[in-house]
Amino acid sequence: MDKIIDVTGGQGGKAFLLIGEEKTALVDCGMAYCAPTLISNIKQVLGRRTLDYILISHSHYDHIGAIPYLREEWPNLKVLGAEYAKGILNRENALKDIRNLSVLAAKFYGAGDIKEYGDDMLKVDNNIFDGDSLDLGGVIIKVIEAQGHTKCSLSFLVNNETLFASESTGYKSKSGKVYPAFITSCSQAIDSINRSREINPRFIISPHFGLVNQSDTLNYWEECILAVKETKDFILRLSEKGYEEEQILIEYEEAFRDEESRLEQPSNAFRLNAQSMIKTVLNEGK
Ligand SMILES: [Zn+2]
């Protein structure tokens, strides 16, 4: 764990720096507005060394928004991500959405305007696949496919003991509660959780949260499963009562949009996620 350093540049945009003997890598980078603080945090750790890689857990704006600014700072760095992520970041519409969400988030978090960047800066350079290993020198990162949140979601296992859990498995909020985040597939999310449980990592880094307390590690995967089931059952129950998607969304917000969530996530992002989970559950059924 001493080679993994939290360099997060702002709320809602976790980023971790991995320091190998030969190479260095960042796991996710957070939102565009996080870039200035993120870069200064990274420089403090790296000194004269360079940043070689950014590994992206998936292609959502809150995990990759700072890439263009990091590339400006370290022009030789390579962004590594799933093949599907590479495809997404070639699409004009996706790039437009990312830009809009980045601008909204900067306002939400009180950071004002974001600095201009070219869309071509926001791309995956090289694909990484399930089972791939990246050796930074004394720090070995294993790539694990973990879909369910998106089709491009990955987990990263460092030195066989620390798992950067894919958002498909859920995420822990500051209150300690685990929230589900299966946007594209509920069943794949459950597979991703079960696979993580089998790995049984000594340390878990939960998306948007960071290192899970040692005392909570044992029950973590069970909580992830329960979070998925709670949401899935809630949606199915209402659907069986004859509720339409829109009505389910209203009920869902009422039940799950708590104080913590209000502080941690803009309402449009919460609603988009909820909407996707509702659609996914209704499509996949029981
Ligand atoms: Zn995401």
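User: In strand 8, what is the bridge partner of S133?
Analyst: K142 is the bridge partner of S133. Strands here are DSSP E runs of at least two residues, helices H or I runs of at least four, both numbered from the N terminus. This is a predicted model: local features need pLDDT of at least 70, side-chain atom pairs count only at pLDDT 80 or more, and totals for chains, interfaces and linings use all residues. Residues are numbered from 1 along each chain as its sequence is written.

User: How many bridges join strand 7 to strand 8?
Analyst: Three, and the two strands run antiparallel, with strand 8 covering residues 140–145. Two strands pair if DSSP finds at least two bridges between them.

User: What order do the strands of that open sheet take?
Analyst: 7-8-9-10-13-14, six strands with mixed pairing. Strand 7 (133–135) and strand 14 (210–211) are the edge strands, each pairing on one side only.

User: Switching to helices. At what angle do helix 7 and helix 10 pack?
Analyst: About 70°, with the axes of helix 7 (residues 214–240) and helix 10 (residues 267–284) 10 Å apart. Axes are lines fitted to C-alpha atoms, for helices over the stretch in contact, and angles run from 0 to 180 degrees between N-to-C directions.

User: Which residues make the contact?
Analyst: T231, K232, I235, L236 and S239 of helix 7, with M277, I278, V281 and L282 of helix 10. Contact means C-beta atoms, placed from the backbone, within 7 Å.

User: And how many helices and strands does the chain have?
Analyst: The chain has 10 helices and 14 strands. Its C-alpha trace spans about 60 × 40 × 30 Å along the principal axes.

Definitions and conventions: Contact = placed C-beta atoms within 7 Å.
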